[in-house]
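Hi everyone, thanks for coming. Please have a look at the sequence and the fold on the screen, and then I'll walk you through them.

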Amino acid sequence: MLGYIIYGDGPKRPELGERQLPGGAFVTLRMGQQSHPMGPLALRRARQGARRMREAGVRSAVFPVDFPYTALFIRQGVCPVDTLPLRRALAAPLTRRRLEGLGLQPTQAVVAVTGDRASRDVAECTKALALSYRYVLLGVRGGGEEFARSLRREYGISLLLGPSPDQLDRADALVMFTPREDLKRDNPVLYTLYPGGEAGRGRLPLSLPAALGSRMEANCDQEQLAAALYALGGLPLETLLAEIPC
């Protein structure tokens, strides 16, 4: 069960409710903003709200962008929606769009993917790019050879395995699933798809369709909501991709 926290004008005591959105119903928690948000009474009410959400079966929720009780809710077992799965799902199609915008043809662009191992996310992204581009580099520590063999056997695709840092630095697009300190990360197209990677230049942005975003509270974290609706099947990847500016 997913939750949705509404913080601003509202009741003094937290109130549970329900909101229907594309993909299903969300358990809502409405909390009025307190004059002293870190005071004992406000903190007690916040803990009460977190417990009520948890008791309603909520383990993940869309948090407001200015919410002062995020850490408190996490300690109570209610965490913000993870946007990383959606960012990773968007990486390959958005990389293609960015390279097209740079005028780079599939036969000339060099695309690189790095990670600790050929996990499902890494493999799916690499496969999608390798089906579109001739030169794809894969830098992983484990599973790369087996994955490359399967691509070659099924699609006739060849990957360049074990690229050097210099080769990765010279790639037109670099998609990183884990951090690496040996790379410059100044590639024309760069996405850093790991916890903490969304804070830097390689951040892959997320947006809601304008018609839906306008219906939500002004302080709703629209990136979290986009990820939640995608996970529920309420928003297809193509719709979300269309909302991201080039």
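**A walk through two sheets**

Let's start with strand β2 (residues 15-21), which is joined to β3 by 7 bridges, the two running antiparallel. This is a predicted model, so a word on ground rules: local features need pLDDT of at least 70, side-chain atom pairs count only at pLDDT 80 or more, and totals for chains, interfaces and linings use all residues. Residues are numbered from 1 along each chain as its sequence is written, and side-chain values use heavy atoms, with hydrogens and water left out.

Two terms will keep coming up. Helices (H or I, at least four residues) and strands (E, at least two) are DSSP runs, numbered from the N terminus. Strands count as paired if DSSP finds at least two bridges between them.

Back to our hairpin. There are 2 residues between β2 and β3, and Gly23 in the turn has a positive phi of about 105 degrees. Leu16 stands opposite Leu29 in β3. Leu29 is also the bridge partner of Ile5. β3 is mostly covered, with 7 of its 9 residues buried; buried here means under 20% relative accessible area, exposed means over 50%, and partly exposed is in between (1.4 Å probe, protein chains only).

Now, in what order do the 5 strands of this open sheet come? Reading across, the order is β2-β3-β1-β4-β5, with mixed pairing. The edges are β2 and β5 (79-80), each of which pairs on one side only. Helix α1 packs on this sheet, touching β1, β2, β3 and β4, and its direction makes about 165 degrees with that of β3. Contact, by the way, means heavy atoms within 4.5 Å, and the angles, from 0 to 180 degrees, are between N-to-C directions of lines fitted to C-alpha atoms, for helices over the stretch in contact. β1 also pairs with strand β4 (residues 60-62), in the parallel sense over 3 bridges, and there Leu2 has Ser60 as its bridge partner.

Strand β6 (residues 110-114) is joined to β7 (residues 135-139) by 5 bridges, and Val111 stands opposite Val136 in β7.

Let me pick out two leucines. Leu160 sits in strand β8. Is Leu160 buried or partly exposed? Leu160 counts as partly exposed because its relative accessibility is 37%. Leaving aside neighbours within four places in sequence, Leu160 contacts Val136, Leu137, Leu138 and Gln167. Leu193, in the loop between β10 and α7 (210-213), has 0% relative accessibility and therefore counts as buried. Not counting residues up to four places away in sequence, Leu193 touches Leu84, Arg87, Arg88, Ala91, Val175, Met176, Phe177 and Leu204.

On a 1 Å grid over the protein atoms alone, a cavity is a set of points where a 1.4 Å probe fits but cannot get out, a pocket is an open set with protein on both sides within 12 Å along at least five of seven lines, and lining residues have an atom within 4 Å of a point. Searching the whole structure finds 1 cavity of 30 Å³ or more. The largest cavity holds about 50 Å³, and β3 and α1 (40-55) each supply at least two residues of its lining. Those lining residues include Tyr7, Met31, Arg45 and Tyr69.

The largest pocket holds about 180 Å³ of space. Among the residues lining the largest pocket are Asp82, Leu84, Arg87, Tyr194, Arg203 and Glu223.

To zoom out, the protein chain has 9 helices and 10 strands. Buried residues make up 49% of its 246 residues, and its C-alpha atoms fill a box of roughly 60 × 35 × 30 Å, taken along the principal axes.

Key:
Points joined across faces, edges and corners; volume = space filled by probe spheres on them.
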